[in-house]
Amino acid sequence: MQSTDIFDNHTASVAIVVDITTEVPSYNRTYLPPFDDVGLAISAGILLPMAVFGILANSITIYVITQSDKLKSVFNYLIMSLCVSDLISAILSPLFVYRRTWGFDHWTISTFLCKVFWGGDTGTSVATSLHILFFSCLRFISVTWPHHFKRINVIHVKVIILAMWAISIGCGFVPFAIWFDCRKMKRNILSIETGWPSCTISLAWFQQFKIYAVIGYAVFFYVPSCLILIFSLGVAASIVSRRLKRRKARNDATSEKTNIAESKRQKKENQAIVQLMLIVGSFAIGYLPHTDSSKVECFGRRGPSQVKSLGQ
C-alpha cells in the first residue's frame, strides 16, 4: 500500500510516493526542529500554568459537590463526572507539552507514558463528548417535558455515567494505548513519519487507526456534536415557546406576586441556557480540533488517498 505526505520542515519541501515501511535517503536534506529554545520556554510558560489551574479548579469542583448533599443533583453528578474527565486531561497535559517540544524528536520518558498519554487523551475526549451529549439531552427533557424528567433520579444517572466511562475506556483508552508507541525519529531519512513527533502511531497499527479515524471519530465526536446542537436549539426553542404561552395567559390584572414568580422562572431558564452554552462551547473549542489534528498528523496535509509522484 502506498501513501503520500508533504514534508515541510522550514528548509525543505518534498513530494514523493513512499511506502509506509520504507526509508529513502534525503540527499543532504536539512532538518530544523519545530521549536528553538525560546519557543520551548514560551510554550511551557503558557501551557503548564494552565494545566495547574485546570487541576486545581476541577479538584475543587469535585470536592465541593461530593461534600455537599444539596449539590448532589442529577445535573451536578454529570458535572462532577465531567470534571473528572477534565482533571485527567489536565494531569496529562504536561505530556502533551513534552511531546511537542523536548520530546518531539526523541521521547525519552518511557513508552508506557506515551501510551498513557494517547490512551488517556482519547479516552477523556470520548468521555467528554458522551457526557455533554447526555447533559444536553437531559436539559432538553427537563425543559420540554418537566414531568417526565422528574422520573429520572440520581441512580439512573450514576448507571449511565458508569456506562459512558466503560465505553470511553474500551473504545478510547485501550485501542490508542495499544496502537501508539515511541521511537527516535530519523529526520534525515525521508519516509511517511519524517515529520511526526516521536510519540505517535505505530506503523504496524496504521491501517487500524485509519479505520478508527473514519468510523470512531464520526461515532464519538461528529454525530454527538450534531445531536448536541439539535438539543441545544430545542432547549432554546422550548423556552421561548413556553414564555410566549405564559405571556398570552397573563392579563393586565396580573398580580405583583405572579410577576415575581415569572421573573424567577425566567431567571432559572436563562441560567439553564447559559450553563448549556458554556459547556457546549468549551467542548467545541477544546475537543473537536483534536480529531482533525490527529488525522492530519497521521494522514498528512494532503490526505491518505492522494498520491503524487516524485518531481511533480
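Of the 312 residues in this protein, 43% count as buried. Keep in mind that this is a predicted model. The protein exposes about 16900 Å². Carbon and sulfur atoms supply 66% of that area.

Now the layout. The protein has 8 helices and 6 strands. Starting at the N terminus, the order is β-β-β-α-α-α-α-α-β-β-β-α-α-α. What about contacts along the chain? Take the contacts between residues at least 6 apart in sequence: 73% of them join residues at least 24 apart.

Let's go to helix 1. Helix 1 covers residues 37–67, which is 31 residues. At 1.5 Å a residue, helix 1 should span 45 Å. Its end C-alpha atoms are 45 Å apart, so the expectation and the model agree.

Which residues of helix 1 are buried? The list is Gly 39, Leu 40, Ser 43, Ala 44, Ala 51, Gly 54, Asn 58, Ile 62 and Ile 65. And what covers them? Helix 2, residues 74–100, is part of the cover.

Asn 58 sits in helix 1. Its relative accessibility is 12%, and buried means under 20%, so Asn 58 counts as buried. Leave out residues up to four places away in sequence, and Asn 58 touches Cys 83, Asp 86 and Leu 87.

Next, how the helices pack. In general, two packed helices are described by the angle between their axes and the distance between the axes. For helix 1 and helix 2, the axes come within 8 Å and cross at roughly 155°. Angles over 145 degrees count as roughly antiparallel. Helix 1 and helix 2 are therefore roughly antiparallel to each other. Their crossing is left-handed.

On to helix 2 and helix 3. Here the axes come within 9 Å, and the crossing angle is roughly 155°. That makes helix 2 roughly antiparallel to helix 3. This crossing is left-handed.

A word on the loop between these two. Ser 110 lies in the loop between helix 2 and helix 3. Ser 110 is not a glycine, although its phi is positive, at about 90°. Is Ser 110 buried or partly exposed? With a relative accessible area of 33%, Ser 110 is partly exposed.

Now helix 3, residues 111–144, against helix 5, residues 154–179. Their axes come within 7 Å and cross at roughly 150°. The crossing of helix 3 and helix 5 is right-handed.

Which residues meet across this pair? From helix 3 the set includes Lys 115, Trp 118, Gly 119, Gly 120, Gly 123, Leu 130, His 131 and Phe 134. On the helix 5 side, the set includes Val 157, Ile 160, Ile 161, Met 164, Trp 165, Gly 172, Phe 173 and Phe 176.

One last stop in helix 3: Cys 137. At 22% relative accessibility, Cys 137 counts as partly exposed. Look across to Ile 230. Cys 137 and Ile 230 are 93 residues apart along the chain. Their C-alpha atoms are separated by 9.4 Å.

To recap the helix pairs. Helix 1 passes helix 2 in a left-handed crossing. Helix 2 and helix 3 cross left-handed. Helix 3 passes helix 5 in a right-handed crossing.

Technical notes
Residues numbered from 1 in each chain as written. Predicted model: local features only at pLDDT ≥ 70, side-chain atom pairs only at ≥ 80, totals over all residues. Heavy atoms only, no water. Helix = DSSP H or I, 4+ residues; strand = E, 2+ residues; numbered from the N terminus. Buried < 20%, exposed > 50% of the residue type's maximum accessible area, 1.4 Å probe, protein only. Contact = heavy atoms within 4.5 Å. Areas by Shrake-Rupley, 256 points an atom, 1.4 Å probe, with all protein chains shown as cover. Expected span 1.5 Å × (residues − 1). Axes fitted to C-alpha atoms, helices over the stretch in contact; angles between N-to-C directions. Parallel < 35°, antiparallel > 145°, perpendicular 65-115°, else oblique. Left-handed = near helix turned anticlockwise from the far one by under 90°.
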